[in-house]
Amino acid sequence: MRLVHFSDTHLGFFEYARIDPETGLNQREQDFYRAWWKVVDDILSDPPDLVIHAGDLFHTPRPTNRAIRVASEGLKQIGEAGIPVVLISGNHSTPRIRATGSIFETLSLFPNVRAAFRGVYERFRVGNVAVHCVPHCATEEDMQAAFEAIELDAKAELNILVTHGSWQGRTAYSMGEFSEQRIPDVEALLDVRFDYIALGHYHRRVDVSDHASYSGSTERTSLNQRDAETGYLRVEWKAGELRREFVPVPSRPVHRVELRPTPDAGPSEILAALEREAAQTPEGAIVDLALLDIRRETYLKLDLREVDRLFEKALIVERSVQLRNDDSEERTAGEIGSLTEEFERFVVRRDMLPDDRQRLLKLGLEFLTAVTEEQGE
Ligand SMILES: [Mn+2]
């Protein structure tokens, strides 16, 4: 018995205004489709006995026609190849209002495709395998009820649980999302033992026990996952023994650059250091640039368009800034990335007398603060 366990494909995810010149699609949206097709192609070229998707097939509960099309085409091909597929819905793909219906209802029309998405326990028998599904549920109580409803199939060769959430509520397997569910210690709760537990939700491949695993996601939805490998699991039983093999799926590289300039370094020194970093950046990478301990004055003088130009091989530069807190210079109001920052940046780079600059800054920031507060009311 061989199975492919994958999860968190987040079809329809997109970010950044970057278009693939060939397809005209958002580049990141395309990345997620490419990862999906890699798994589908692998499944077709080395067919397992069963495919399990443990949730977050789509990024949103109301996916676009394009995302639906990509998912349908892949599932159709797998199903038509005679490979059974079991899907569950995760927190990203479950509509909050049941009346809107679910795309999973449509997907389960394909031959060999079964889906659990109704927020209750469902069991599917696939050959000799009983697949117990607890998808994302509307409430904590519904979820508890779903787990309590599980009944192992004594006649099945294998009993497999598929569910989506943070394993035993541990923060280590949390995605920090408001809607996430905490999976109870279901084996203790029911006094049973599954042959395998296929988990979805956490975007890193982790074996949480000798027979329970997160497969991880196939692409990264956040910079926090920059060091996470993307891929899926091939699980098989050989002479009754469970074996798990992680198969990597290529994803867009995330390149972390941390720069901590010395207190007397000016904008030109910082740009020179960034130029050296830019030379090491992989083509098409998302650059996760952290400017640490930088003086506010220096940061405001830094030409950000020049920074982007240095990293022109990258897809995008995502900046985060941590200002020095022992700064003796007079601090001005305003947050990095805000309108006030834009204003300060403008004034600091103008050629004018220091006294005039201070007066202009003070007045301008007072006005901006007043206007922003008014809008907030
Ligand atoms: Mn997810």
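**Close-up views of the predicted model**

**View 1. The largest nonpolar core and a second, separate one.** Of the 65 residues in the largest nonpolar core of this predicted model, the ones that touch the most other members are Leu11, Leu87 and Val162; a nonpolar core is a set of buried Ala, Val, Leu, Ile, Met, Phe, Trp, Tyr and Cys residues joined through C-beta atoms within 7 Å. A residue is buried if 20 or more other C-beta atoms lie within 10 Å of its own, exposed if 12 or fewer, and partly exposed in between, with C-beta atoms placed from the backbone. Helix α1 (residues 27-45) supplies the largest share of this core, seven residues. A second, separate core has 19 residues, among them Ala285, Leu291, Val307 and Leu310. In soluble globular proteins, nonpolar side chains tend to be buried together. The model is a prediction in which local features need pLDDT of at least 70 and side-chain atom pairs count only at pLDDT 80 or more, whereas totals for chains, interfaces and linings use all residues. Residues are numbered from 1 along each chain as its sequence is written.

**View 2. Surroundings of valine 162.** Leaving aside residues up to four places away in sequence, valine 162 touches Ile52, Ala54, Val86, Ile88, Val131, His132, Cys133 and Ala198, where two residues are in contact if their C-beta atoms, placed from the backbone, lie within 7 Å.

**View 3. The open six-stranded sheet.** Six strands form an open sheet of mixed pairing, in the order β4-β3-β2-β1-β13-β14; the edge strands, each of which pairs on one side only, are β4 and β14 (241-248). From one strand to the next the twist averages 20°. Helices (H or I, at least four residues) and strands (E, at least two) are DSSP runs numbered from the N terminus, and two strands pair if DSSP finds at least two bridges between them. Strand β13 (residues 231-238) pairs with β14 in the antiparallel sense over eight bridges, and valine 235 stands opposite arginine 244 in β14. Helix α2 (residues 65-80) packs on the sheet, where α2 touches β2 (50-53), β3 (85-88) and β4, and the direction of α2 makes about 145° with that of β3. Axes are lines fitted to C-alpha atoms, for helices over the stretch in contact, and angles run from 0 to 180 degrees between N-to-C directions.

View 4. Strands β3 and β4 run parallel and are joined by four bridges, with arginine 114 in β4 as the bridge partner of valine 86. Arginine 118 lies in the loop between β4 (113-116) and β5 (122-126), and arginine 118 counts as partly exposed because it has 18 C-beta neighbours inside 10 Å.

**View 5. Packing of α1 against α2.** The axes of α1 and α2 come within 10 Å and cross at roughly 5°; the two helices are therefore roughly parallel to each other, a label given to angles under 35 degrees, while those over 145 count as roughly antiparallel, 65 to 115 as roughly perpendicular and the rest as oblique. In this contact, Tyr33, Trp36, Trp37, Val40, Ile43 and Leu44 in α1 meet Val70, Gly74, Gln77 and Ile78 in α2. By class, the contact has eight nonpolar, two polar and no charged residues, where Ala, Val, Leu, Ile, Met, Phe, Trp, Tyr, Cys and Pro count as nonpolar, Asp, Glu, Lys and Arg as charged, and the others, Gly among them, as polar.
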